[in-house]
Amino acid sequence: MIDITLDNFQADLIDASMAQPVLLDIWAEWCGPCKQLGPVLEKLEIEYDGRFTLAKLDADKVPQISQQLSQMFGVRSIPFCVLFSGGQPVDGFVGAIPAEQIRQFLDKHVPGVDELEAAQQEEEASAALAEGDTEGALEKLQHAVATDPANDDTRFDYIKLLLQEGRLDDAKVAFAPVIAKAPAVRRLDALQRWMNALDFAAPPTGSAPQLADFDAKIAAAKRDFDARFGRAQLLMAQQRWTDAMDELLEILMRDKGWNEELARKTYIAILEIIEPPKPKVADGQIPPDDPTVATYRRRLSSVVLS
């Protein structure tokens with residue numbers, strides 16, 4: 001629990017809420033309901049085990065802040081609790097309400113135990129990858145997906161790494177729970193298109209298509225878009241991403257809407273796949289774009305908008 005003053009308001013409330021939610025309890029010494037609510041909030045902070053921080057502000061000692069928040073929420077009485085997240089006041093409640101109602105309030109804003117555990121596993125997976133431990137990273141990501149199956153970003157990272165390692169069957173198993181919503185979620189759609197390309201490059205029956213065959217068809221007819229798209233799929237299967245995008249641009253320069261914009265949609269999918277995680281930067285700074293992704297985004301815009 002933290003006591004908020006004018007001196008630490010920015011650091012311990014606003015800035016701290018960027019990392020995790022902070023519940024600010026506005027109270028006063030003369031307020032009977034405040035004295036009833038305080039111990040309940042303190043017990044809940046312990047119960048939630050670090051998933052939020054409890055801060056207290058004496059309305060009589062720091063009227064500047066309490067009055068500003070009261071006006072913002074249209075509140076004229078205390079106790080008054082305001083939840084800060086991402087550096088902003090996002091919600092609040094008034095009065096010494098029961099603990100169960102406070103839990104319902106907190107659960108709308110505070111990450112669950114599973115979410116925090118999954119986030120920790122993903123951080124450890126990133127560290128393992130940085131050290132070259134791919135198997136360790138896959139194990140951590142698999143655990144994170146199992147812990148928080150609704151987290152599509154973690155699932156994307158897990159499936160992407162499986163595909164990079166050539167484990168298509170495992171990737172399909174991990175993808176199955178979200179396949180129905182893939183068309184509506186760009187990152188999942190990108191994975192689906194990558195797996196389609198891998199299936200195209202290694203069909204279960206018949207001979208596998210060859211780049212040379214498509215090269216011959218394109219040499220005979222520059223507007224053979226089926227051949228160009230087939231060539232792009234083989235390049236995707238080989239993880240030759242920029243070569244695949246170059247081939248897709250050849251289609252777009254000649255026919256932007258070919259086959260229900262299949263070339264553009266596949267190009268965007270590749271950008272999703274190759275974009276690396278944003279590096280951490282100081283507060284207020286914008287992380288730099290990956291130069292390859294930035295270049296190919298510009299190229300796409302130039303062709304599509306021409």
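Two exercises follow, each with a worked solution.

This is a predicted model, in which local features need pLDDT of at least 70, side-chain atom pairs count only at pLDDT 80 or more, and totals for chains, interfaces and linings use all residues. Residues are numbered from 1 along each chain as its sequence is written, and side-chain values use heavy atoms, with hydrogens and water left out.

**Exercise 1.** Find the strands that pair with β3 and say whether β3 is buried or exposed.

*Solution.* Step 1: locate β3 at residues 53–58; strands are DSSP runs of E, at least two residues long, and helices are runs of H or I, at least four, numbered from the N terminus. Step 2: look for partners, since two strands pair if DSSP finds at least two bridges between them. Strand β1 (residues 2–3) runs parallel to β3, joined by two bridges, and Asp 3 is partnered with Lys 56. Strand β2 (residues 22–27) is also parallel to β3, over six bridges, with Val 22 facing Thr 53 as bridge partner. Step 3: check burial (under 20% relative accessible area, with exposed over 50% and partly exposed in between; 1.4 Å probe, protein chains only). Six of the six residues of β3 are buried, so the strand is largely enclosed by the rest of the structure. Thr 53, Ala 55 and Leu 57 point one way, while Leu 54, Lys 56 and Asp 58 point the other.

**Exercise 2.** Which helix gives the largest share of the lining of the largest pocket?

*Solution.* Step 1: recall that a pocket is an open set of points on a 1 Å grid over the protein atoms alone where a 1.4 Å probe fits, with protein on both sides within 12 Å along at least five of seven lines; lining residues have an atom within 4 Å of a point. Step 2: take the lining of 27 residues, with Glu 122 and Asp 157 among those nearest the centre. Step 3: α5 supplies nine residues, the largest share.
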